[in-house]
Amino acid sequence: MPGFSSPAIILRRTAYAEYDTILDLLTLERGRITAMAKNARKSKKRFAGILEPFCCLDAVFTDPSARSGMTILKEAAMTAPFGAIRLNMEKVAYASYWSEMVNRWVKEDDTQSALFHLLHYVLFMLDSGKASHADLSILFQVRFMTLAGLFPGMAACRVCKTEIDRLSGSPTLYLDIARGGIVCHRCGGEGAGSQYRKPLSRGLVKQFLWVRETDLPQAERMRFTAAAREQGLAALEAFVTYHLAMEIKSLKVLQRIRHW
Ligand SMILES: [Zn+2]
């Protein structure tokens, strides 16, 4: 039977019928796919312990069947369990949010290799315990939005067109969610703090741009102050929700349980 093999990250797992499991996966070769693991919950041996959320696999799939349209997971070997993520509620919440963003945005058969490597990288770092969860989420969202072509314009005010570098002092800028970019302190005062307008310091805007353009391992070393972290996540999470035009369920959980 023809098919294909690919590294794959498990984005979501759903029980199906009596013994089967349905998986949403981000694959390196074919973007997002939905595949069925037959008898995964019946046989202890078949996929023992490897079909957990956020696991990275080397997997072999059938092509979608002509009759049901369903892709079948034939074989899988775990390449990275990322097991420490599943032992910590806040880590699970961040990983679930990133996975849901990917699952909702990437289309089937739309190869997104840079996004695959980005998701793998932040899961690896989250699992390692060597990075702040919030800083990883800033890194992921900034680079995800860039890959998705949705990154907000940050070089100049969207309204008066003044370049951010030419503003004097240390002005508070605003991320105007609906306009998809930065507005300056003169143009952005009205409606500040609303759901669609989030304050950002100029220093934080510069940090976003650096995180966006630098090599991944270097970008990951960027550290944010507690205030910048809170401001940055509030702006990015509002922006992601608005521009992906969807309610992201796992974000609500994350916002309820995370520690600052
Ligand atoms: Zn302006």
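The radius of gyration is taken here over C-alpha atoms, and the globule rule is 2.2 Å times the number of residues to the power 0.38. By that rule a compact globule of 260 residues would have a radius of gyration near 18 Å, and the chain, with 20 Å, agrees. The structure is a predicted model, in which local features need pLDDT of at least 70 and side-chain atom pairs count only at pLDDT 80 or more, while totals for chains, interfaces and linings use all residues. Residues are numbered from 1 along each chain as its sequence is written, and side-chain values use heavy atoms, with hydrogens and water left out.

**Overall architecture**

- The chain contains eight helices and eight strands, where helices (H or I, at least four residues) and strands (E, at least two) are DSSP runs numbered from the N terminus.
- Taken along the principal axes, the C-alpha atoms of the chain fill a box of roughly 65 × 35 × 30 Å.
- Among contacts in the chain with a separation of 6 or more, 62% are between residues 24 or more positions apart, a contact being heavy atoms within 4.5 Å.

**Surface and charge**

- Of the 260 residues, 48% count as buried, which is to say under 20% relative accessible area, whereas exposed is over 50% and partly exposed lies in between (1.4 Å probe, protein chains only).
- The accessible surface of the chain is about 12700 Å², and carbon and sulfur atoms hold 50% of it; areas come from the Shrake-Rupley method with a 1.4 Å probe, and for residues only the protein chains shown count as cover.
- The 35 positive and 25 negative charges of the chain have mean positions 2 Å apart, with Lys and Arg counted as positive, Asp and Glu as negative, and His and the chain ends not counted.
- Each charge is placed at NZ of Lys, CZ of Arg, CG of Asp or CD of Glu.

- Asp 24, in strand 2 (residues 20–27), counts as buried because its relative accessibility is 7%.
- The side chain of Asp 24 makes polar contacts with the side chain of Thr 34 at 3.0 Å and with the side chain of Asn 103 at 3.1 Å.
- A polar contact is a pair of N or O atoms within 3.5 Å; within protein, one must be able to donate a hydrogen and the other to accept it, and residues adjacent in sequence count only if both atoms are side-chain atoms.
- Leu 23, also placed in strand 2, is buried with a relative accessible area of 0%, and, leaving aside neighbours within four places in sequence, its contacts include Ile 10, Ile 33, Leu 51 and Leu 73.

**Strand 3: Ala 37**

- Ala 37 belongs to strand 3 (residues 31–37) and counts as buried at 0% relative accessibility.
- Beyond neighbours within four places in sequence, Ala 37 is in contact with Asp 20, Thr 21, Phe 47, Leu 51 and Leu 73.
- Ala 37 and Thr 71, which are 34 residues apart in sequence, lie 9.1 Å apart in space, C-alpha to C-alpha.

**Positive phi angles in loops**

- Most residues other than glycine have a negative phi.
- Ala 17 has a positive phi near 50°; Ala 17 sits in the loop between strand 1 (3–16) and strand 2 and is exposed, with a relative accessible area of 61%.
- Phe 54 has a positive phi near 80°; Phe 54 sits in the loop between strand 3 and strand 4 (56–62) and counts as buried at 3% relative accessibility.
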